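Here are my notes on this model, point by point. Please read them with the structure open.

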Amino acid sequence: MATRLKPVDVVTVGVGMTGAILGKEMAALGLKVVGLERGPQLDTVPDFQSPNMHDELRFAVRKALMQDNTKEAVTARNNSDQTALPIRRWDSFLPGTGTGGAMVHWNGQTYRFQVADFIYKTHIEKRYGKKFLDPDLQIQDWGVTYDELEPHYDRFEYLCGTSGKAGNIKGKIQAGGNPFEGWRSREYPTPPMKEHYAGALFRKAVTNLGYHPFPQPSSNLSQPYTNPEGLSMQTCSFCGFCERFGCEHYAKSSPQTIILPAALKMSNYELRTGCQVLRINLDKDKKKATGVTYVDAAGREFEQPADLVLLTAFSLNNVRMLLLSGIGKPYDPKTGEGVVGRNYAYQTMNSAQIFYDESVNINPFMASGSSGTLIDDLSGDNFDHGPLKFIGGAYVGAINTNGRPIEYRPTPPGTPKWGADWKKAVVRHYNHTVNLNGHGGSTASRQNYLDLDPTYKDAWGLPLLRITFDFPDNDIRMARYIGDQMKKIGEEMGGKQVAVQAREKSWNTTVYQTTHNTGGAVMGTDPKTSAVNRYLQSWDVSNLFVVGASAFPQNSCYNPTGTVGALTYWAAEALKRYVKSPGAMG
Amino acid sequence: MEQDSGKDFEFSRRDALKLAATGLLATLPVTPAVAETKPETHAQHNQTSAKPAKQNAPKTTYTFLNRQEAAFIEAAVARLIPADEKWGGAIEAGVPNYIDKQLGGSWGAGERLYRSGPWQKGTPTQGYQLPFTPAELFRTALKALAKQMKKPLNKMTPEEQDSFLKSLEKGGTDLDGVPAEVFFSSLLQLTMEGFFSDPVYGGNYNKISWRMIGFPGAYGSYYDLVDKHGIKIDREPLSLAEDAMGKIHTHPNIPSSLKHGQGGR
């Protein structure tokens, strides 16, 4: 029997980036806010400190910071004809747990989406005509425009202290920045990070080829910075233990370094860790949330009544919570009806290695999670797709993030996986290889979706989330094109050999790709094709907002965190209006 | 210092194989893990990483693998990562010790593995779908191999060993419910981990693999070096478990989580 707790004004389900920002913003209005986090409280000190943090096996290979998959896994299959089976060990993507969520172990790569991304369907149909798209594709407009989001992108970047070089300030192109980017109201808060050798080699080659290189925007900081919340950050030391690790130096923007302390110092904000939310409770009409039910670390069940429920978990868990709570109509790929689980998308990753002579020391271990140089010439719709017969693109860059040797041992194609020749090749190439990354978008399609698994359960007896996903044909054609361009760039970089891996079918759960799982509770202006309105408010339950990459109608070719941050502040502004005058905002 | 260092521990791959063949290795007098670092390590701390380390890992105190299993593992890893004229291989790096401790510890018991049924064979893209923990998987497969093999692996010539390992890698054989290729990929993964992970886990003895490839180890602050393009870093690699005297304190059973329990309100 659940113990009924004293009602509060706001409860956030999850205290990662979106939960920490909204928790703080709501508490600042004087509301009583409870943040429920299933994992532990994690802080830079003592949790991310040496010596334990610099352990590749523990954190990168065995994923010590990730969601406890022994209790709560995800099932996966490539298409509806297969039986989904549990992902029994995290590999392809890595949901975090504990305060800060996935923004603890992220790399800090902080992008904005393109102007056209937010009006994707309108833009593509206008430029290429309605018949250009493969019939399985299901792209949509977001219901919010770039211009509307710009102040919120800006606010998020200034919260993070993001290091970069603007390419477009209020429409004026800036030398050294990305000329393709959407306008920004001002320069980045801190200058770009130093360029590593791989980045410099790439810069030279792409300049020769007529492309427009720029430094990767990074929330691993280039210099000390104090954000508008009064929280101070330090300079990144390029230690090479970034993605999959917490930062011991206060140099990587994570909720515990940039926002959570501001919430925690308010007496009307309360963090509760070890709290696994089982469902959002609804009133009789299923039009209003009455709060949430959760189980604490000792197994005790509580009902926490709340006037406003903010679903702020990882994208996949947001979708699962809606399904577990019976909120919104589940998507059916056969009929195309229903919205929860619709338009699940991912990222289409391509890679290349350039193998150099032994005199060229790349020193891959001198890296931050987001040091690197890239081009945006091949991103999104920055080039004419008319003759190419696909939509979407990729940013291409030399984005070397580490040289940790259990997982980083580049060898040319054809090298055996073990034995004397393997060993020679590892020694020969470890310090003399540059990696290119072709970070491609993921087009939403009819057949890719999320729902509840009919068989497998979590430790609380609830169905696991089921992912049905494979790369649409469109995205495979895009990957091949990007791979061809990467080959040309690689050849210009002066190595002895170039190897390219363009993404092929099928999605493989055993190989890391990205943790950029998007969609499933997408935003929009039509309740028939979106689960939340343009303010991220549930169409069905007006005192529920669902915030995260779950709202992306399809995924652009950029890392999602910057856009999740912008949407979070966009929702925060809407919530300020909602609190004054509750009700449907659509 | 190097030449008189670790004489008691000088133990070539060939010796290891010979001993393994006789089954002696598992019963030799044992050296506790804490004795892995010897007084001379300090002096060695000052040598440059470019010099191959001639020391070999101390004899393993097997706590999980039995003699027969240990003999197989030693013979196998010696071929997966063989020693060469310059650099030791898996034996010299203490990989069998790493594998033994991992299988006997939390990882072997199924740490971070979702273990609920039902159990069904999946597609290759669905990953590992067997009910075995790593410890169960190794034990089951090694037992089946012992029954199936006409000649123990450690009694084969290196060429025969390679061709046997290749047949495991290729797969298609059933090892009492463990597909041979699954066993092989698990063995290869643990071997690579034991060779390249921090020496705190009891492998990568004397940071041999890090010296070999030029990885400076657990600690690095490269802010001042990152834009000095192409420089050669030639420093002693650092283990996370290394004290100021250069002594590495091994701790093979570090949990694969950050905090046990989630903490209450």
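1. Contact here means heavy atoms within 4.5 Å. Axes are lines fitted to C-alpha atoms, for helices over the stretch in contact, and angles run from 0 to 180 degrees between N-to-C directions. Helices (H or I, at least four residues) and strands (E, at least two) are DSSP runs, numbered from the N terminus.

2. A word on the basis. This is a predicted model, where local features need pLDDT of at least 70 and side-chain atom pairs count only at pLDDT 80 or more, while totals for chains, interfaces and linings use all residues; side-chain values use heavy atoms, with hydrogens and water left out. Residues are numbered from 1 along each chain as its sequence is written, and chains are lettered from A and ligands numbered from 1 in the order in which they are written.

3. Two strands pair if DSSP finds at least two bridges between them.

4. A:Phe214 stands opposite A:Leu374 in E17(A).

5. A second open sheet has four strands in the order E5-E4-E21-E20 (chain A), with mixed pairing. E5 and E20 of chain A are its edge strands, each pairing on one side only. Helix H9 (residues 315-325) of chain A packs on this sheet and touches E20 and E21 of chain A. The direction of H9(A) makes about 120 degrees with that of E21(A).

6. Check the hairpin. Strand E20 (residues 449-457) and strand E21 (residues 463-468) of chain A pair in the antiparallel sense over five bridges. A:Leu452 has A:Leu465 as its bridge partner in E21(A). Five residues lie between the strands, and A:Gly461 takes a positive phi near 85 degrees.

7. How much area do chain A and chain B bury between them? About 6,600 Å², 59% of it on carbon and sulfur atoms. Buried area is the accessible area (1.4 Å probe) that two parts lose on being put together, summed over both. A:Arg62, A:Arg88 and A:Trp418 supply 15% of the area that chain A buries against chain B, more than any other three residues. The contact takes 83 residues from chain A and 77 residues from chain B.

8. Three salt bridges are counted between chain A and chain B. The term means a side-chain nitrogen of Lys or Arg within 4 Å of a carboxyl oxygen of Asp or Glu. The side chains of A:Arg62 and B:Glu193 meet in a salt bridge, at 2.8 Å from N to O.
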